[in-house]
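Keep the 3D view open as you read.

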Amino acid sequence: MARSPLSAWLKQAPWLALAGFVAWHLLDWALIQAVFRPDLAACQALAREGACWGVVPQKGLTWLFGRYPEEWRWRPALSLLLWAAALLLLLRPLWPARLKGPLNGPVLGSVLLLCLGGLALLAGHTALGHPSLAPVDSSQWGGLPLTLLLTAGALSCSLPLALLLAWARLSPRALWSWPAVLVIEVVRGAPLVMWLFMAAFLLPALLPEAWGVGPVARVWLVTTVFSAAYAAEILRGSLRVVAQDQTEAATVLGAHWWQRQRLVILPQAFRSALPALVNHTIGLLKDTALVMVVSLQDLTGSLSMSLNGDADWRPYFLEAYLFIALVYAAMCLGVAAVGRALERRYPALGVGQ
C-alpha cells in the first residue's frame, strides 16, 4: 500500500524543523543582530549574540596587502587590476560571439606585458627614479597579490614542465623515462610543507648569495616543481588515451613527431585532462596558504598576522575566517566556471585557430 504524501511529509517533519531552527539562528546571528560597521564598542556590546562583521572593514586592507608598506599600497592594488586585465585577455576565446577572438601573438604579448608590469610595480626598482616606486623586498609582499602571484606563476610554469615530464615518462628510452619517474615520485613522496621549509632554509645555503633569490622566488620555484609532478601524471594519463590509430594515420600522412603532437595528440589530451587540471588548479590555489609556515603572509597569513597583534579585534577570528573562506570560495568557483566554459568551447579553441 502506497504511503500518502501527508505521511511522507510527517516523517520528514522533525528534520525540517531542525533545519529551520538552525537556519533561523544562523540568520539571526549573521544578519539580524550583526554589526557591520568597524565599531569595537558595538561589537563588544553584542556579547557574541551576533556577528561582528566590522572586523572586515577594520582589518580588510591588511588582509588584502599584508605587510606591504601602507604608503605604497596603491602599487599592489594597481597590480591586481593589471592582472585582472591580463586574465580577461587570456579568456578572449570565451567572450561573447561578437567580441571573442583567437589567442594570437599580439594578445599573448599584451598578456605577458600586463603580467610583468604588475610584477614590476610590486617589486619596484631604484632605476625607476621615483620614491613611490622604490624597491620593496619580496619578504614584505603579502595578501591577495601574493596568493594570486604564486598560484598563477606556479601553474603557468609547471604545465610546460609537466608536459615534458609526461613525455619523458612515456618514452621507451630508459635514459628519458627513469629520470622522469625519479623526479615525479620523489617530489610527490613528500608533503609540500617539507619542500617549503627546504626552500626557506636549504636553498639559500645552496644558491650563490650574489644571485639574490628572495623568499618569494624560492617558494615559487618549489611550488612550480611540486605542481609539475602532479600535473605530469594527469597529462600522462590523458596522452595515453589518444587513439593509436589516429597517431598512425598522421604518420602515414607524413606528419613528423611534433606535428603529430601539436595537431592530433595534444588537443585531445588536454581536452580529456581539463576536469583534472581544473581540480589541480583549485588545489594549488588553496595550497598557497601553506606559505605562512615560512613567514610569507598570503591572504590567510595576513589575517592571522593582523589579528594576533591586536587584542581588541582578536575575539572576532570566526567572522574573519568566514570572510576569507568566502573569498577563496569565490576564486575557486571562478576557476571551476572557466573550466566548464573551456569544456564546452574546446573545439573552438583548437590549435591553429
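A crossing counts as left-handed if the near helix is turned anticlockwise from the far one by less than a right angle, and as right-handed if clockwise. Helices here are DSSP runs (H or I, at least four residues), numbered from the N terminus. What you're viewing is a predicted model, where local features need pLDDT of at least 70, side-chain atom pairs count only at pLDDT 80 or more, and totals for chains, interfaces and linings use all residues. Residues are numbered from 1 along each chain as its sequence is written, and side-chain values use heavy atoms, leaving out hydrogens and water.

Start with H10 and H12: H10 passes H12 in a right-handed crossing. In the contact (heavy atoms within 4.5 Å), residues including Tyr230 and Ile234 of H10 meet a set in H12 that includes Ala269 and Ala273. The contact divides into 14 nonpolar, six polar and no charged residues (nonpolar being Ala, Val, Leu, Ile, Met, Phe, Trp, Tyr, Cys and Pro; charged being Asp, Glu, Lys and Arg; polar the others, Gly among them).

Now look for a cavity: on a 1 Å grid over the protein atoms alone, that's a set of points where a 1.4 Å probe fits but cannot get out, and lining residues have an atom within 4 Å of a point. The largest cavity is lined by residues including Leu150, Thr223, Leu284 and Asp287. H8 (192–201), H10 and H12 each give at least two residues to that lining, which splits into six nonpolar, two polar and one charged.

Definitions and conventions
1 Å grid on protein atoms, 1.4 Å probe; cavity = no way out; pocket = protein on both sides within 12 Å on 5 of 7 lines; lining within 4 Å.
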